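Let's take a look around this protein together. Have the structure open while you read.

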Amino acid sequence: MSQVNAQRGLSSRQETAPPTGRRQLSDMRIVQLFILPTIILLILMNIFPLIYSLFLSFTNYSVISSDPPVWVGLDNYTHILSDPDFWHNFATTGTYALLSVSLQTIVGFALAMLLRSKFAGSGIITTLVLVPMMLSPIVVAVFWRLIFNPSYGILNPILGFTDINTSPEWLGDPALALWAIVIVDVWQWSPFVMLLCLAGLSAIPEYLYEAAAIDRASVWFQFRRITLPQVMPLLLIAVLFRTIEAFKQFDLVQGLTFGGPGDATETVSVELYRLAFQGQFETGLSSALAYIVLVVIVAISNLYIRALNRLREG
Amino acid sequence: MANVANAPRQKVVISTRVDKVSTGARVTSSVRAAIAVIVALIMLIPVAWMAMTAFKTRPDAVAVPPKVFFEPSFEGFVSLLTSRRQLTNDEIAVYQQRTDLGWADQIALIRGQAITGPSAFPRQLLNSLIISGVSTVFSVGFGVLSAYAFSRFPVPGKDDLLFFILSQRMLPPVVVTIPIFLMYRQVGLHDTHIGMVLLYTAFNLSFSVWLLKGFIDEIPREYEEAAMVDGYTRLQAFRRIVLPQATTGIAATTVFSLIFSWNEYAFALMLTSDAARTAPPSIPLVLGTGGIEWAAIAAGSLAFLIPVVIITFLLRKHLLRGVTFGAIRKG
């Protein structure tokens, strides 16, 4: 289609345009020139590094040693997949992703229902609610650390815990630390879910509700049969996007707990960072772990992009 | 006959539009508005608390129980922007006699300290500004070219290429960083501005191609075709017709790209150490003498967040589009 259009444009120009005497670039050449910088950068900064780290994942290389990489075959992969510590990290990441994404979905959807109908100042309120998601996660984590502090933080007094000796120690208690990160993530990203739900809600045609009202359908029925199905495609996108982000979670954990206490909040990304850039700098092993994470993420993002495309077409 | 049958039915439609008519519903909607306002305010407590802490003195910042009312002070900002040295008792006495002290020196003197020079923070903030600014120019520049090509021409393997471009954005930074770290160390780009600009450009390019393609798709092809009929070349049509039409899209993409690089933490943590270190990895590490200086950290966070909050308000119409890679247009 576009080719036909382009050619039509080209040929009609050749017929009517006065000769300019300048050499003109063909469309094909323009396409190449326009895409070239992007492709070069992607090859340089993405494809090459990925191939390089695939190679490294089969070696025992360490950046701090002077020994050249030695091929060890699948050792790194079998080591990771048979080590319960790594499974623990994956379980932590999965638990975290499940908790934070489902809470965000509920809170975000509720916020959207709340802000759905316009009232005086609803625009400003909506924008204010959206502010957290634009902030730098690491900065967010740092100021939440102050809020969580058991002695001078404000969360415990707000929740009604006034006695320092009995109030929860959010970041120091292995049972609570993951929840603390979930709370911050929900605070920051529920607005994202809300934003997408609002878009879905605003697209629902009014006549559906009118028809339901004629049939004297209950509010619950309207919600279940009209609101929910209509918002679903966008909600799905929000959930998938947040799931991908939750699996990558690094900034918040680094800012709040550094993976502690113990290994209670050690997500895969944090473990990966430790393995690659701290202690023994196990480059080969960490590259293997990176590839395992990569496979998981690519699988989820495939689903995500499919959902996006369906939305574009539909 | 048909009219008679329809008339009462329409009436029913109007009377059952409960949300528009009944006073009970109006009360419900104002209750809903009130709840919305309260929820919004609760959500902003953390940010407000940080802004307040930025203006507290060091003891006020860690007072037990937390102080909601306090005497504002610039101590946090002074601690953030300067490096200081602890004075001995004799020196303090001498300093208190001096009349040539600036207001910042006087604030430092309350804690018995003398300012010895600027801290690393202003330089890191400047690094953030330079790196995010330059990388944004490149990523939006390259992005607009590729987006135009993808939007208007049949590029071989277009869908795969677009998918590949987007998938770059999905990978955890740590995964990408390990090989880039080795590569940069080899060619001497570790901890350099050029290295960070290169990385952020590549990182944001995927986003800008997708977002801009959406905006350019919306510009009718007929505009360019008409221009080319009038004797414009393809390049001229792109420059004089498409680019001006895409201004809004370019502006939105620019601002998003700026925010992403401005907020980025993981790459900066792993690939910079001093010369090119940006603000995000430094803010958690603002440490004073004797433990965490929360007032200084809050001051740094506030200085870092204010531009983002302002931009959020300016961008509010395009937020939805930005966060969904241009997939969803209406809000």
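## A partly exposed isoleucine

Start with B:Ile38, which counts as partly exposed because its relative accessibility is 49%, and the cut-off for exposed is over 50%. You'll find B:Ile38 in helix H3 of chain B. Keep in mind that this is a predicted model.

## The patch it belongs to

Which residues make the nonpolar surface patch? B:Ile38 is one of them, along with B:Ile42 and B:Ile45 from chain B, and A:Ile158, A:Leu159 and A:Phe161 from chain A. Put together, they make a patch of about 550 Å².

Two helices supply at least two residues each: helix H7 (155–159) of chain A and helix H3 (23–54) of chain B. H3(B) gives the largest share, with three residues.

Now for some backbone angles. Most residues other than glycine have a negative phi. Look for A:Arg216 in the loop between helix H9 (206–214) and helix H10 (219–248) of chain A. Is A:Arg216 buried or exposed? It counts as exposed, because its relative accessibility is 64%.

A:Phe258 isn't a glycine either, and its phi is positive at about 55°. This one sits in the loop between helix H11 (251–256) and helix H12 (268–277) of chain A. With a relative accessible area of 44%, A:Phe258 is partly exposed.

Definitions and conventions: Residues are numbered from 1 along each chain as its sequence is written. Chains are lettered from A and ligands numbered from 1 in the order in which they are written. This is a predicted model: local features need pLDDT of at least 70, side-chain atom pairs count only at pLDDT 80 or more; totals for chains, interfaces and linings use all residues. Side-chain values use heavy atoms; hydrogens and water are left out. Helices (H or I, at least four residues) and strands (E, at least two) are DSSP runs, numbered from the N terminus. Buried means under 20% relative accessible area, exposed over 50%, partly exposed in between (1.4 Å probe, protein chains only). Patches are made of residues with over 30% relative accessible area and no salt bridge: like charges are joined within 9 Å, nonpolar side chains (Val, Leu, Ile, Met, Phe, Trp, Tyr) within 5 Å. Accessible areas come from the Shrake-Rupley method with a 1.4 Å probe; for residues, only the protein chains shown count as cover. A salt bridge is a side-chain nitrogen of Lys or Arg within 4 Å of a carboxyl oxygen of Asp or Glu.
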